[in-house]
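Hi everyone, thanks for coming. I'd like to walk you through a structure that may be new to you, so please take a look at the screen.

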Amino acid sequence: MMSTPANIHTSEVAAAIEAWREALGDSSVAADSRSLADLALNAGGFQRHVPARLRISTVEQLRLALIIATEHHVPVYPVSTGKNWGLGSSLPVRDGCVVLDLSGMNRIRVLDQDAKVAVVEPGVTQGQLASCLSAEAPELHLNVTGSARGTSIVGNIAERGDGWLGPRIDDLRGLEVMLHDGTTVRTGYWHYGHSEATHRWRHGIGPSLDGMFTQSNYGIITAAAIGLRSKPPSHRVFAIAVSDEWDLPELVNKLRILHELGVIRSATHIFDRERLQSALGVPHRSWVAIGSIGGTTRGSAAAWQDLCSTFTGIADVLDAGGTEHSTDPALQGALAAIRPILQGTPTDAGVSALATRYGPAVEATEVDASDTGILFCLPVLSFTGSSAHRLVELTRRHCRSYGYEPAITLNVMNDVTLQATIDVTFDRRDAAAAPAAQDCVDGLHAVLADNGFMPYRLGIQTMSRLIRSNDDAFWETAARIKSVLDPLGIIAPQRYDPHILGRNF
Ligand SMILES: Cc1cc2nc3c(=O)[nH]c(=O)nc-3n(C[C@H](O)[C@H](O)[C@H](O)COP(=O)(O)OP(=O)(O)OC[C@H]3O[C@@H](n4cnc5c(N)ncnc54)[C@H](O)[C@@H]3O)c2cc1C
């Protein structure tokens, strides 16, 4: 249920809806409660009042939509594919925003094999780009996330999401952004038009403006240039498994050395017992690290030897092709499931597995309508065994005190930093379950932040927790930039936005 009926509009919203109908056509504007009912179904169990949704298919339509929103002072909230599951799906941070659904802007504008770059619009999904590459540039692949094929690249970049080969933001080579008044800004060398280095060297000359347009609400991304990777001649996917809970610190410390030395280059994911059992069907293991090594055939063979010798006597080491040090059919199954992701082919398997925790099996496209509620907490920590152990202990103690068993994965961001993906799932058939789980996850953010574990990304319900300090020069500066770029607060109010303090521009 949304918090107030969707058909109650202020006069400004009603006037804007009329103007949008005229400018974009009736079929692009949904403003009755029946057409908006699907928004009430979201994996996090959140409630927001959304007065309308506009389906936008072109840059020009977006310009018209924004000019009308500005004219009528109606706030809007862009979504690329709206699959920000566990963090808000396609719901805005605050009530009263019109959702701009950009999934119809789904052109791959450029595929430049020499520059190893694709320029994609917001509606382009990782599945779409991966299929395009396998047909047109099979020697290249994309850094894909563990989320579904139908999730966007642009929305994920806007959130600074996490791919299996590293943080997605590291793949960024330029952004095209529309401001609230319809102005288009292109970052790096892109705005020069004729520069040979456009989409090759991200930073261009002058301030690096691209960083301003992720995890912010200064503009709407209309295209992103995404770096692609050459497929190495040899690519080996591995699992390193320990069966004792207390082996986590040693596993983490040894992995760090291999990342520091460049032996492992993927964003190794370290799964806990709960996630191994529920998502990967692996019993009897406390922690399993899955990642890949690759390069020349000789280099890859040497890396494999380094990996095996590092863990001799400590852990079982397997690769996806065979069984070097251990035979474990369950682990081989998990490797077979994750291998395509590490090779640039996204799958729906992880999302479907999580979404079927409660109730019948669902397709990845149905996550928001499934019986399984999902909430994420995504803290960042040092790449050390002691830090990992501390975070896991705090998380489990907190969640268990609320009656939840969290699933935890520790993902390598670089050779000094890990990011934890903690999910709490709940049964959406029970009306009391969503608020209880939200309380637990809100409290978890607080406990972890008090202990120095700040999040790398926030859900719509937790934005206010960290973005609130009145005397923090960082957020003061962010607020000043907002006041210049979007003085009326039209775009995504309160999204990573200190206006939550009550100031309005
Ligand atoms: C089982 C499971 C596994 C997952 N694995 C991963 C993973 O490995 N890595 C990961 O990062 N995430 C993961 N996710 C979370 C999520 O599904 C992805 O991050 C997904 O890409 C986000 O949805 P989206 O692409 O549809 O973005 P959207 O929902 O469209 O947008 C996300 C956010 O960005 C903003 N935004 C969107 N488009 C624009 C734009 N054009 N301009 C400005 N702002 C914009 C939106 O306002 C919203 O706040 C996982 C989720 C589940 C359930």
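**Domains, sheet, ligand and a buried helix residue**

Let's begin with two parts of the protein: the C-alpha centres of domain 2 and domain 4 are 25 Å apart. Before going on, please keep in mind that this is a predicted model, where local features need pLDDT of at least 70, side-chain atom pairs count only at pLDDT 80 or more, and totals for chains, interfaces and linings use all residues. Residues are numbered from 1 along each chain as its sequence is written.

The protein is divided into domain 1 (11–101), domain 2 (108–230), domain 3 (234–450) and domain 4 (463–501); these bounds come from an automatic or database domain assignment. Between domain 2 and domain 4, nine residues of domain 2 are in contact with twelve residues of domain 4, where contact asks for C-beta atoms, placed from the backbone, within 7 Å. On the domain 2 side, the touching residues are four nonpolar, five polar and no charged. Here Ala, Val, Leu, Ile, Met, Phe, Trp, Tyr, Cys and Pro count as nonpolar, Asp, Glu, Lys and Arg as charged, and the others, Gly among them, as polar.

Now, a sheet. Helices (H or I, at least four residues) and strands (E, at least two) are DSSP runs numbered from the N terminus, and two strands pair if DSSP finds at least two bridges between them. Five strands make an open antiparallel sheet in the order β5-β6-β12-β10-β11. Why is one side of β5 and of β11 left without a neighbour in the sheet? Because β5 (108–112) and β11 (184–186) stand at the edges, each with a single partner strand. On average, neighbouring strands of this sheet are turned by 10 degrees against each other, direction ignored. Over at β5 and β6 (117–120), helix α4 (126–136) lies across both strands, at about 40 degrees to β5. For these angles, axes are lines fitted to C-alpha atoms, for helices over the stretch in contact, and values run from 0 to 180 degrees between N-to-C directions.

On to the ligand. How many residues surround the ligand? There are 33, and the closest are Thr81, Asn84, Gly146, Gly155 and Gly161; a residue is near if its C-beta atom, placed from the backbone, lies within 6 Å. β3 (76–79), α5 (154–158), β12 (220–227) and α10 (349–355) each supply at least two residues of this shell, with α5 giving the most, four residues. By class, the shell has 14 nonpolar, 15 polar and four charged residues.

Ala388 counts as buried because it has 25 C-beta neighbours inside 10 Å; the cut-offs are 20 or more for buried, 12 or fewer for exposed, and partly exposed in between. Leaving aside neighbours within four places in sequence, its contacts include Leu410 and Leu418. Both turn up again in strand pairings: Leu410 in β20 is the bridge partner of Ile270, and Leu418 in β21 is that of Val412. β20 (407–414) has six of its eight residues buried, and seven bridges join β20 to β21 (417–427) in the antiparallel sense. Together β20 and β21 form a hairpin with two residues between them.

Note on methods
Two residues are in contact if their C-beta atoms, placed from the backbone, lie within 7 Å.
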